[in-house]
Amino acid sequence: MTPYPHSLMADQTLFRDPALFEADHLPEVFNHRDAQVEDLAFALRPTLRGGSPLNTLIQGPPGTGKTTAVRRIFAEVEETTKRVVPVLVSCQARKTTSAVLREIYLALFGHSPPTHGASNSRMLFEIGRTLAERGAVLVVCLDDANHLVPRGVLNGVLIRILRLHETCPGARTGVVMTDSSMALVLSSVLDPSTRSSLQAGTIFFPPYTADEVRSILADRVRVGIYPGVVPASVLDDVAERTVGCGDLRVGLCLLKEAVIHAERAGRTAVEAGDVEAVFAVARHARLAAAVQTLAPPERTVLTVLVGMARREEETTSGRVYEAVAAVEPMSYTMFYERVTELEAQCLVGTRRWKKGQGRTREIWIPEGVEAVLSADSSGASVHRRTGVAEDEKRRYET
Ligand SMILES: Nc1ncnc2c1ncn2[C@@H]1O[C@H](COP(=O)(O)OP(=O)(O)OP(=O)(O)O)[C@@H](O)[C@H]1O
């Protein structure tokens with residue numbers, strides 16, 4: 001490759017395939033997870049013979065390949081048989097029973113349920129009846145199922161899916177849940193009767209070792225970026241920072257942003273300075289992903305709160321509520337539900353302290369959230385530049 005002039009031509013890029021660095025990319029090579037993939041395959045194997053799967057809880061820290069493993073196995077199942085309907089539901093974006101059921105309906109029928117008249121029981125009945133008629137098995141993955149806990153949705157969703165055969169005999173169903181919070185203790189969030197229907201086995205996804213992280217990132221560089229663009233020393237630096245942050249997403253985001261930074265400077269190779277320059281935002285890749293999928297009402301609460309914190313105003317829940325309600329009128333209960341949602345995504349924290357005679361609750365902003373929110377609002381993130389965040393948001397809003 002010849003060196004680029006300072007103002008890089010719009011169609012010149014250092015990426016062989018930029019899509020490989022998008023959050024929704026399904027990697028072709030998925031190393032270091034053979035045991036977990038084998039366990040998951042074992043749990044789903046009964047479905048190929050028309051039986052229900054073994055219900056499974058997949059736990060592990062963020063960015064350890066849980067969702068990727070499920071997506072790969074689901075893709076394999078879909079290629080193998082039409083008698084199994086695997087549905088992946090992102091619970092970060094679908095937090096109500098109705099939103100989860102609508103996703104299942106969409107996957108089964110190929111179109112959304114009617115906006116009016118599609119009650120939860122109606123949708124369930126149609127899903128169950130169709131499964132029984134087709135002799136098909138439904139496997140629902142509740143991805144990041146911990147997001148269904150704050151509003152108490154998880155128990156109801158599980159019981160509806162797992163007991164579908166009671167209202168629609170012959171309908172076979174099962175669930176896989178992923179949880180990166182490691183806080184999903186089924187015995188404390190589920191009723192005994194739900195637990196007894198679930199009987200979930202657990203598969204653990206441990207953090208990748210430093211060598212594994214480097215080899216995964218090296219694979220991605222090899223297929224996604226032109227040779228010579230990312231020197232070995234830069235890759236070592238990225239891998240080390242990734243291990244420090246404990247999330248592979250940080251490394252992927254860091255590579256993408258550093259390459260773009262070098263492109264912008266009109267260079268053909270990434271330098272240590274590019275990595276340093278983009279690290280502040282990339283290290284919060286997970287927060288950035290959470291901010292990008294925020295529903296508008298939660299985004300309002302977060303934006304108001306960040307503004308208050310920036311002005312060093314008191315951020316007790318009462319004060320924040322007043323400020324939010326002035327922008328968008330809502331009840332205190334609704335406001336607090338949104339705070340709970342934000343807390344579940346680690347975008348805010350809350351703590352109680354004594355004030356005068358009583359106690360009050362303060363809402364605080366974890367490190368990185370402000371930077372990620374401003375980058376997202378100013379359109380500075382790469383996702384936004386490529387239009388992915390906009391598409392995701394539109395999808396969410398419809
Ligand atoms: N073994 C691997 N090989 C290649 N890429 C991987 C591997 N493991 C994870 N990834 C990549 O890392 C990113 C995060 O993976 P994934 O979403 O599967 O993690 P997760 O454990 O589900 O995270 P979270 O719990 O935060 O949702 C994805 O872009 C995925 O492509």
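In which helix is the place of Thr 67? I found Thr 67 in helix H2, residues 66–80, where helices (H or I, at least four residues) and strands (E, at least two) are DSSP runs numbered from the N terminus.

**Ground rules.** I noted that this is a predicted model, in which local features need pLDDT of at least 70, side-chain atom pairs count only at pLDDT 80 or more, and totals for chains, interfaces and linings use all residues. Residues are numbered from 1 along each chain as its sequence is written.

**Annotated site.** I looked up the UniProt record, an unreviewed entry, which places the feature "binding site" at Thr 64, Gly 65, Lys 66, Thr 67, Thr 68, Tyr 208 and Arg 220; such annotations may be inferred rather than shown by experiment. Thr 67 is partly exposed because 19 other C-beta atoms lie within 10 Å (buried means 20 or more, exposed 12 or fewer, partly exposed in between, with C-beta atoms placed from the backbone). Leaving aside neighbours within four places in sequence, I found Thr 67 in contact with Asp 143 and Thr 178, contact meaning C-beta atoms, placed from the backbone, within 7 Å.

I then turned to Tyr 208, which lies in the loop between strand E5 (201–204) and helix H9 (210–224). Tyr 208 counts as buried, with 24 C-beta neighbours inside 10 Å, and, not counting residues up to four places away in sequence, touches His 32, Thr 64, Val 213, Ile 216 and Leu 248.

**Sheet.** I traced an open sheet of five strands in the order E2-E3-E4-E1-E5, with parallel pairing (two strands pair if DSSP finds at least two bridges between them). Strand E2 (84–90) and E5 stand at the edges with a single partner strand each, so one side of each is left without a neighbour in the sheet. The twist averages 20° from one strand to the next, with axes taken as lines fitted to C-alpha atoms, for helices over the stretch in contact, and angles running from 0 to 180 degrees between N-to-C directions. H2, the helix that holds Thr 67, packs on this sheet, touching strand E1 (56–59), E2, E3 and strand E4 (172–179), and its direction makes about 155° with that of E2.

**Cores.** I recorded 52 residues in the largest nonpolar core, among which Leu 254, Leu 255 and Val 259 touch the most other members; a core is a set of buried Ala, Val, Leu, Ile, Met, Phe, Trp, Tyr and Cys residues joined through C-beta atoms within 7 Å. Helix H11 (residues 248–264) gives the most to this core, with 10 residues. A second, separate core of 47 residues includes Val 77, Cys 91, Val 100 and Ile 203.

Terms used:
Contact = placed C-beta atoms within 7 Å.
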